[in-house]
Amino acid sequence: MLRSDQWLALSPLGVAVLSAVLLIMVSASVPYWALLPVLMLGSGLSWLAWRCLGRLQAQYQELQAHLEREHVYAEHCHTNLDRLLSVWLQVVPVWGRHVDSCRDMGNEAINALSIRFAELVQLIAATRASSDSAGDSGHLDTLTTDKARLQQLFDKMKSFDATTDLLFDRIGQLESFAADLDQMAGSVASIAEQTNMLALNAAIEAARAGDAGRGFAVVAQEVRELSTQSGETGRHIAGKIAMVKEAMHAITSSAGDTREQEDQTLDEGEQFINEVVQHLEERADKLIAEGEQLLATNMEVSGQIEQVLVELQFQDRVSQILEQVSGSMSQLTDMLEADESRYRSGERELSMNIEALLQDMKTRYTTVEQHRQHAPTQQNSDNEETADAGSISFF
Amino acid sequence: MDKTIMVVDDSASIRQVVAIALKGAGYKVIEACDGRDALAKLTGDKIHLVISDVNMPNMDGITFVKELKQNPRYKFTPVIMLTTEAGKDKMAEGKAAGAKAWVVKPFQPPQMLDAVAKLIM
């Protein structure tokens, strides 16, 4: 069964056949060969129409298949768009929360580190100040003072020694006085003996005088007794002087030994203390050198920590960059949610304006790095609008 | 020296860096974590200079400087803005608010001390 378009394609042949039949009916004298061109023309036209129709049909089927594929593709696109929107609206807020969390953790950790480092710097400064006030040179001064005081002590001890010498000299003088006293005691004994002899002579002469010399004999007797007592006293004195001389000799002899021991002890003590002081001075010099080294290390460590604190400034910039990224992600999510609602309600035109979003992001940038990363190719023009990191502008 | 400088920044690490540098140079330092906190700490005592961040919670640095300049006691106190903000427009805002200098982070303490020495009253 032919379709209408196929009947239409055969219509030139039908017209040609009809024309030939009409010609035969109108004029029987028309030769049959004259009908041949009409029939050939009709056949040719029908053949051409049939061919064109075949091609059109093939193209039509191809087009239909293409449309079918496009329809399936559109369905896929629609499904994928839904998925992408769903992914964005579900995943990006999670990323945003992670970014915020990282920012908070970074801020908290860096702030805590900064405070610790600052405390370390203060502690080191306090130690340095304490060291400066106590001062290693102060220790050396103290040592010098102690040495001088020890020397004063030795001088005093030596002055005691001189006093002892003086005392011994005085004892020596007393020995000479004792000799004088011994001599004087001898004189007293001699005088007593002579007095006794005189009293004896006087008693003899008194006896010769008889009664007239009786009183004088009594006086002579008294003088004899006195001279005897004087002689006894002189011997006692001599005995005591001998004892004193012996005692002083013993003292002088003993003091001489003690004096030698004291001199030796003082010399040894002085030498020992000099050695101790010298040792302490060496120790003090070493301590000063070590203290200076420690101070230099202390300052180096303090400087390094301060430099670490300076380097930690990156956290402030990172925090602001992350804050802007998080904000832009939220902003884009809001825009997509609005467009999704519109899309679901049948609108196919999205309201999202990427240029406006990028421009808005740019206005929220705070750091040089953000401007630089936004459009690396426009770096030169951006540089004209921003100051360099670390720059100081006075107004 | 015994001069007092107020440091206003929401970043504790920045406050520490600035405070250590200033204390090392002999200045007395008062720290505040944002503009509102800074205004609360202005008790009428002499402040010789203010160093303030721009982007801070509660009250930003530009607003803080405007408020500061409204106070007759601190009207002539010099202000240095210490910020990551590098845009010329923002710098113009700071200048209009009354700031005397604009330092872009990250900074080196010696540069900051030079700026402080030039501006401190």
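What share of residues 4-120 of chain B is helix and what share is strand, and how far apart are the end C-alpha atoms? Select that stretch: 43% is helix and 20% is strand, and the end C-alpha atoms sit 10 Å apart. Helices (H or I, at least four residues) and strands (E, at least two) are DSSP runs, numbered from the N terminus. UniProt, in an unreviewed entry, puts "domain: Response regulatory" on residues 4-120 of chain B; its positions follow the numbering used here, feature names are shortened, and annotations may be inferred rather than shown by experiment.

Before moving on, some ground rules: this is a predicted model, where local features need pLDDT of at least 70 and side-chain atom pairs count only at pLDDT 80 or more, while totals for chains, interfaces and linings use all residues. Residues are numbered from 1 along each chain as its sequence is written, chains are lettered from A and ligands numbered from 1 in the order in which they are written, and side-chain values use heavy atoms, with hydrogens and water left out.

Next, pick B:Asp53, in the loop between strand 3 (49-52) and helix 3 (61-70) of chain B. The unreviewed UniProt entry annotates B:Asp53 as "modified residue: 4-aspartylphosphate". B:Asp53 is buried, at a relative accessible area of 0% (buried is under 20%, exposed over 50%, partly exposed in between; 1.4 Å probe, protein chains only). Beyond its neighbours within four places in sequence, its contacts (heavy atoms within 4.5 Å) include B:Asp9, B:Asp10, B:Thr83 and B:Lys105.

Now show A:Arg103, A:Ser319, A:Gln320, A:Glu323 and B:Asn55: of the 21 residues lining the largest pocket, these lie nearest its centre. On a 1 Å grid over the protein atoms alone, a pocket is an open set of points with protein on both sides within 12 Å along at least five of seven lines, and lining residues have an atom within 4 Å of a point. Helix 5 (314-344) of chain A is one of the helices supplying at least two lining residues, and helix 5 of chain A gives the most, with 8.

Last stop: A:Val219, in helix 4 (residues 214-311) of chain A. A:Val219 is partly exposed, with a relative accessible area of 46%.

How values were computed: On a 1 Å grid over the protein atoms alone, a cavity is a set of points where a 1.4 Å probe fits but cannot get out, and a pocket is an open set with protein on both sides within 12 Å along at least five of seven lines; lining residues have an atom within 4 Å of a point.
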